[in-house]
Amino acid sequence: MGTVKINREDVFDGQFSCNTSTLLDPEEFRRQGHIMVDFLADYFNDIEKYPVRSQVEPGYLKKLLADSAPNQPESIEKILQNVRKDIFPGLTHWQSPNFFAYFPCISSTAGILGEMLTAGLNVVGFNWIASPAATELECIVMDWLGKLINLPKTHLFSGGGGGVIQGTTCEAMLCTIVAARDQMLDKVGRENIDKLVVYASDQTHFSFQKAVKISGIKLENFRAIPTTKATEYALCPILLSKTIQEDKKTGLLPLFLCATVGTTSTTVVDPLKPLCEIAKEYGIWVHVDAAYAGNACICPEFQHFLNGVENANSFSLNAHKWLFSVLDCCCLWVKDPNSLTKALSTTPECLRNKATDSKQVVDYKDWQISLSRRFRALKLWLVLRSYGAVNLRNFIRSHVKMAKHFEELVAVDERFEIVAPRNFSMVCFRVSPLALQEKVIFVEEDQVNKFNAKVLESINSCGNIHMTHAVVGGVYMMRFAIGAPLTDYRHINMAWDVIRNHVNVLLKNLSSVASIG
């Protein structure tokens with residue numbers, strides 16, 4: 001064995017210096033906690049001063065930080081100075097009121113404090129006995145939220161179903177695919193796993209394909225059914241039925257359908273009722289991914305988008321997207337919890353206890369991939385209680401109204417066009433071919449796409465606002481997604497001014513077909 005090298009600075013009066021009481025001293029925690037809260041409050045107050053999208057180059061941080069961890073402790077004040085000086089430039093500021101990219105990931109006072117409480121208590125609620133309150137509160141708030149969005153009782157604990165808080169949609173998808181897979185293979189034999197087929201549309205979130213790959217189902221048995229403008233890029237029940245029939249004729253086994261309420265590209269809603277009816281005919285598990293738009297269903301006027309969900313096997317939404325609960329908080333409900341726990345449960349001797357053996361409690365380790373789990377229910381509980389259903393609905397409605405306002409601004413400018421119907425708080429638009437035809441005699445779709453891509457990069461590079469794009473049906477579009485907690489109408493109007501100004505400059509410089517690309 002080699003010798004242990006002891007650094008002189010690690011030794012004090014011949015003894016190793018290790019005062020463990022300083023790791024969690026209540027008064028020092030109080031002092032540093034106040035500093036941290038003040039730091040974040042100042043950040044939120046000054047957030048508009050920062051470029052929304054980070055402007056750094058890859059590898060920037062390695063040039064600024066030391067090569068190795070410090071030997072001696074450093075003060076929280078010094079560390080936060082480095083956060084402001086070195087880390088902030090490398091952040092894209094998702095809570096900025098000028099952030100309109102992707103989908104929102106919304107912070108709130110209640111959500112942040114709930115996360116702080118979760119971290120402070122730091123319980124590991126893998127089963128009921130490990131922290132009964134962690135399990136029971138999760139069961140309660142999942143029923144609360146399920147009732148708010150008007151999920152059928154069959155999906156709630158009070159009706160024989162149940163809910164669990166996962167980290168992300170990909171985890172929820174993977175858990176449900178594994179449950180469906182094992183349920184099917186128990187019937188047909190595990191040697192037939194290569195015959196299992198899963199279905200989605202070409203607009204389904206890409207995390208579904210990742211979940212399918214992890215589950216062991218062959219990727220060649222993944223059916224991404226094409227969508228068209230005729231159905232506004234929603235999954236067509238007729239095409240689904242035809243695809244299933246073709247697979248059955250070749251001896252394959254239809255297993256799983258992922259339907260979407262609010263697709264990533266355009267927030268289109270798949271027709272749940274006819275899709276679920278087709279799936280039921282063939283014994284297919286239906287999962288409904290409502291990661292973003294499901295949150296809007298706490299408002300009664302959006303609940304019609306869930307018509308038919310009573311026939312789905314599982315349903316998920318991300319409360320961290322549009323319900324102010326801070327990443328991560330993916331809420332998954334299942335109609336038959338036994339199908340989930342049968343596929344995911346483990347019963348090691350070290351975790352056996354009377355409560356588990358009684359079958360009277362929920363052990364959430366058997367509802368997820370991992371064993372350990374965070375007390376996520378606390379922050380959702382704080383959010384629901386701190387704001388109440390009335391205010392939460394008003395917050396969401398205010399974002400939808402701002403999106404409608406932006407849509408009206410776009411519609412009155414003839415150089416732009418809306419390229420997809422607005423269902424929630426996101427507007428899909430582009431510079432129209434007509435605007436380019438004033439500069440170029442003949443404009444092809446590819447050239448229109450390249451020009452819009454040029455517009456978006458110009459806008460994002462300036463740092464004033466941040467948007468992302470999608471390509472649907474061969475059309476490149478800009479996505480203007482509203483949902484940041486500090487966004488107001490003045491930010492919408494300012495964003496529109498920024499967009500028009502960049503388009504004005506690029507159109508002015510457009511003198512030939514070559515300049516489009």
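**Exercise 1.** In this predicted model, find which element gives the most to the lining of the second largest pocket, and with how many residues.

*Solution.* Step 1: list the elements that each supply at least two residues of this lining; they are α1 (26-46) and α3 (109-121). Step 2: pick the element that gives the most; this is α1, with 9 residues.

**Exercise 2.** Describe the largest pocket by its volume and by the residues closest to its centre.

*Solution.* Step 1: the largest pocket has a volume of about 780 Å³. Step 2: 35 residues line the largest pocket, and those closest to its centre are Phe 103, His 205, Phe 206, Thr 264 and Lys 321.

**Exercise 3.** Determine which elements give two or more residues to the lining of the largest pocket, which of them has the largest share, and how the lining divides by class.

*Solution.* Step 1: the elements are α5 (169-188), α6 (207-215), α9 (319-322) and β12 (468-472). Step 2: the largest share comes from β12, with 5 residues. Step 3: by class, the lining of the largest pocket holds 15 nonpolar, 15 polar and 5 charged residues.

Conventions
Residues are numbered from 1 along each chain as its sequence is written. This is a predicted model: local features need pLDDT of at least 70, side-chain atom pairs count only at pLDDT 80 or more; totals for chains, interfaces and linings use all residues. Side-chain values use heavy atoms; hydrogens and water are left out. On a 1 Å grid over the protein atoms alone, a cavity is a set of points where a 1.4 Å probe fits but cannot get out, and a pocket is an open set with protein on both sides within 12 Å along at least five of seven lines; lining residues have an atom within 4 Å of a point. Grid points are joined across faces, edges and corners, and a volume is the space filled by probe spheres set on the points. Helices (H or I, at least four residues) and strands (E, at least two) are DSSP runs, numbered from the N terminus. Ala, Val, Leu, Ile, Met, Phe, Trp, Tyr, Cys and Pro count as nonpolar, Asp, Glu, Lys and Arg as charged, and the others, Gly among them, as polar.
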